[in-house]
Amino acid sequence: MSECITLAALLALLCTAFLLVCVFAAGQPGIAGLWDLAMIGGYSAVFALFQMFFLTGRPLDRPLYEGRFFLRLHEYTAYLILLLVIAHVIGSLWAEPLLWRDIWPPVLPVMQTGVLASLLLATLAVVSQPRWKLAVFRNARIFRYCHYGLAAALLCATGLHAWQADFRMAAPALTFSLIGMSALALAVPLLVRALPVQARRGEKRLRNTSGLAMPVVVTLGCIGLLVPILCAMWLDR
Amino acid sequence: MRRNGRLSIAAVCVAAGLVGGGIWWSVSGAPHTAQSLPLMPLTFTHQDHGAFNCLVCHHNYTEPKLASWPFQHCIECHKKTPELAPIIERQFHQQCEGCHLKLKREKRASGPVRACHVCHAEERPPRF
């Protein structure tokens with residue numbers, strides 16, 4: 001249990017730091033409460049997406065929980081991203097209904113990359129369901145390749161969407177950080193597979209720990225919503 | 001197994017191609033349709049901008065070659081000049097929003113930033 005709390009605290013800390021840098025590093029002012037909330041909420045989704053490339057569902061050395069815990073963590077984080085993206089889309093359309101007209105090309109490229117990312121996310125969410133997974137992909141290997149390919153495309157489209165918004169990411173240092181983090185996130189799952197597996201010394205993974213994935217994701221979700229609310233209130237005070 | 005591997009790589013390549021094509025189409029601004037796209041309604045009041053130098057926007061006053069240009073209305077000129085038509089949205093947003101943002105960052109009264117409906121509304125009758 002203590003390892004679960006440590007993991008949740010670490011993710012919450014990283015998410016908070018990521019959001020604070022995204023919001024304040026470029027020195028941009030607040031626009032309007034709901035708009036800022038929706039936009040910063042979008043960065044929460046970006047953080048959760050980055051996190052999924054590091055917690056890919058493969059068991060890690062620590063915490064020494066059963067494999068299903070890591071699978072659940074990956075799965076629930078995906079649902080959290082879906083929720084955050086829905087909040088991002090509804091919030092921004094609520095604050096500015098005319099954005100609806102910019103979805104169709106060629107008015108605003110930023111909107112089209114956003115739509116593309118949303119479609120990729122929806123596709124990933126559907127084809128990764130156990131029932132669909134068996135129907136669409138012939139075996140686990142094909143699924144793994146296609147899942148990684150689609151997720152990589154999603155990460156690129158999301159990064160491009162955040163960069164094209166050209167507001168809170170306007171500083172060159174932030175743009176390069178975003179590119180660097182995206183490249184690192186894309187490389188990590190490939191590197192992890194390439195590295196040799198280390199033999200464990202008599203330690204056994206704890207059973208019946210998959211349920212602990214939920215509190216970790218709930219903590220991340222709370223931070224992912226609470227920090228944007230506080231930042232929006234601070235910017236528009 | 002080798003066949004599966006090839007299929008996976010092909011699937012990833014197709015997905016990457018589709019995404020890459022989509023992104024290229026999106027980023028390039030699909031110039032072939034930009035000129036024919038109708039503009040959104042736009043409202044602009046000179047009264048609200050009376051404190052600023054006219055030449056900030058009316059650059060044609062200082063460029064002699066534009067004096068005899070067939071289109072003297074801002075939007076008309078930018079929309080009908082083939083080189084400017086594909087970038088009209090970006091140019092006007094940078095011009096207006098950039099100035100508003102600069103004032104907002106200086107904590108001065110400013111026009112809207114990212115609030116589309118404030119500028120993109122049916123033109124109001126002039127107030128002067």
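Predicted model: local features only at pLDDT ≥ 70, side-chain atom pairs only at ≥ 80, totals over all residues.
The side chain of B:Lys102 meets that of B:Glu106 in a salt bridge, with N and O 3.7 Å apart.

**A salt-bridge network in chain B**

- B:Glu106 has a second salt-bridge partner in B:Arg108, where the closest N and O atoms are 2.8 Å apart.
- Through these shared partners, B:Lys102, B:Glu106 and B:Arg108 are joined into one network.
- B:Glu106 counts as partly exposed, at 38% relative accessibility.
- B:Arg108 is partly exposed too, with a relative accessible area of 47%.

- Across all chains, a search of the whole structure finds six salt bridges.
- One to look for in chain A pairs the side chains of A:Arg72 and A:Glu75, at 3.1 Å from N to O.
- Both A:Arg72 and A:Glu75 belong to helix H3 (residues 67–95) of chain A, where they sit three residues apart, about one turn of the helix.
- An α-helix has 3.6 residues a turn, so residues three or four places apart point the same way.
- A:Arg72 is partly exposed, its relative accessible area being 27%, and A:Glu75 is partly exposed at 30%.

**Helix H4 of chain A**

- Helix H4 of chain A covers residues 109–127, and its 19 residues should span 27 Å at 1.5 Å a residue.
- Among the buried residues of H4(A) are A:Leu116, A:Leu120, A:Leu121 and A:Leu124.
- The buried residues of H4(A) also include A:Gln112, A:Thr113 and A:Gly114.

**Helices H2 and H7 of chain A**

- Two packed helices are described by the angle between their axes and the distance between the axes.
- For helix H2 (residues 33–54) and helix H7 (residues 172–194) of chain A, the axes come within 8 Å and cross at roughly 30°.
- H2(A) is therefore roughly parallel to H7(A), as angles under 35 degrees count as roughly parallel.
- The crossing in which H2(A) passes H7(A) is left-handed.
- On the H2(A) side, the contact is made by A:Phe50, A:Phe53 and A:Phe54.
- On the H7(A) side, the contact residues include A:Leu178, A:Met181, A:Ser182, A:Val188 and A:Pro189.

Methods
Residues numbered from 1 in each chain as written. Chains lettered and ligands numbered in written order. Heavy atoms only, no water. Salt bridge = Lys/Arg side-chain N within 4 Å of Asp/Glu carboxyl O. Helix = DSSP H or I, 4+ residues; strand = E, 2+ residues; numbered from the N terminus. Buried < 20%, exposed > 50% of the residue type's maximum accessible area, 1.4 Å probe, protein only. Expected span 1.5 Å × (residues − 1). Axes fitted to C-alpha atoms, helices over the stretch in contact; angles between N-to-C directions. Parallel < 35°, antiparallel > 145°, perpendicular 65-115°, else oblique. Left-handed = near helix turned anticlockwise from the far one by under 90°. Contact = heavy atoms within 4.5 Å.
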